[in-house]
Amino acid sequence: MNQPLPPQHQDLPRALRHVFRGHPAGVTLITATVDGEPVGITATSVSSLSLDPLAVSFSFMKSTGSAGKLLRAESLLIHFLSDAHADVAASFASRGADRFAEEQGWVTAITGEPYLPGARAVMRVRISDTARSGDATLVAAEVVEVHNLQEASALLYQGHRFYSIEKAQPLATENHRPHPGH
């Protein structure tokens, strides 16, 4: 039986922001060293892209500032954050905040990127392709290394706030429900 969709929301940009404000996402920090300086940005758009070749995707809302510098980097580290890193994530999401502060635990990886050893997982990636959409840039990046793989509660972001997934209750398992992509 066919059913019509409800009336379309008239303010599409506002509707899109509303949808994604209610859609939780895992929190990562993407870091690199560019022009001899550490640079990083909070990103909730990191997603698995391909297993052959191993690749992830993420997007930047603009291609200037920190995002523009990261787009020029030879390699990037993607830090998958635990709930213990909410303050670090918030500092990277705020303009003028103290990023790469010593008390946050940052060190320099042997390959030169800023590295947060306490992250749940860290991937070294190299940008393989980009696509522009308005001011935003969608990035495809080849995964060249994976480190840490710690069992820790993931940090989530929803509605301008950080959350821990630790107390979330599973409602279904993959064995009982089809994969969302099918």
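Buried means under 20% relative accessible area, exposed over 50%, and partly exposed in between (1.4 Å probe, protein chains only). The model is predicted: local features need pLDDT of at least 70, side-chain atom pairs count only at pLDDT 80 or more, and totals for chains, interfaces and linings use all residues. Residues are numbered from 1 along each chain as its sequence is written, and side-chain values use heavy atoms, with hydrogens and water left out.

**Exercise 1. State how confident the predictor is in this model, and where confidence is lowest and highest.**

Solution.
- Step 1: pLDDT is the predictor's confidence in each residue, from 0 to 100. The protein averages 89, and 95% of the residues score at least 70.
- Step 2: Helices (H or I, at least four residues) and strands (E, at least two) are DSSP runs, numbered from the N terminus. Confidence is lowest in helix H1 (residues 12-21), with a mean of 87, and highest in strand S6 (residues 76-80), at 98.

**Exercise 2. Find the salt bridge of Asp35 and decide whether its two residues are buried or exposed.**

Solution.
- Step 1: A salt bridge is a side-chain nitrogen of Lys or Arg within 4 Å of a carboxyl oxygen of Asp or Glu. The whole structure holds three of them.
- Step 2: The partner of Asp35 is Arg72, with 2.4 Å between the closest N and O atoms. This pair links distant parts of the chain, 37 residues apart: Asp35 is in the loop between strand S2 (28-34) and strand S3 (37-43), and Arg72 is in helix H2 (residues 65-72).
- Step 3: Asp35 and Arg72 are both exposed.
- Step 4: The hairpin of S2 and S3 has two residues between the strands, and Asp35 there takes a positive phi near 55°.

**Exercise 3. Work out which residues are linked with Arg124 in a network of salt bridges.**

Solution.
- Step 1: Arg124 meets Glu113 in a salt bridge of 2.9 Å, N to O. Arg124 lies in strand S9 (residues 121-133) and Glu113 in the loop between strand S7 (107-108) and strand S8 (114-115), so the pair ties together parts that are eleven residues apart in sequence.
- Step 2: Arg124 also meets Glu145 in a salt bridge, at 2.4 Å, N to O. Glu145 is in strand S10 (residues 136-147), 21 residues apart from Arg124.
- Step 3: The network therefore consists of Glu113, Arg124 and Glu145.
- Step 4: Arg124 counts as buried because its relative accessibility is 7%. Glu113 is buried as well, whereas Glu145, at 29%, is partly exposed.

**Exercise 4. Describe the strand pairing and burial of S2.**

Solution.
- Step 1: Two strands pair if DSSP finds at least two bridges between them. S2 and S3 run antiparallel and are joined by seven bridges; Thr28 has Ala43 in S3 as its bridge partner.
- Step 2: S2 and S6 also run antiparallel, joined by four bridges. Thr31 stands opposite Leu77 in S6.
- Step 3: Six of the seven residues of S2 are buried.

**Exercise 5. Explain why the buried residues of helix H3 line one face, and name what they pack against.**

Solution.
- Step 1: In H3 (residues 86-93), the buried residues are Val88, Ala89, Ser91 and Phe92.
- Step 2: They fall within an arc of 160° (taken over the directions from the helix axis to the C-beta atoms), so they line one face of the helix.
- Step 3: The face turned away from this buried side carries the exposed residues Asp87 and Ala93.
- Step 4: The buried residues pack against S2, S3, strand S11 (155-158) and strand S12 (161-164), where contact means heavy atoms within 4.5 Å.
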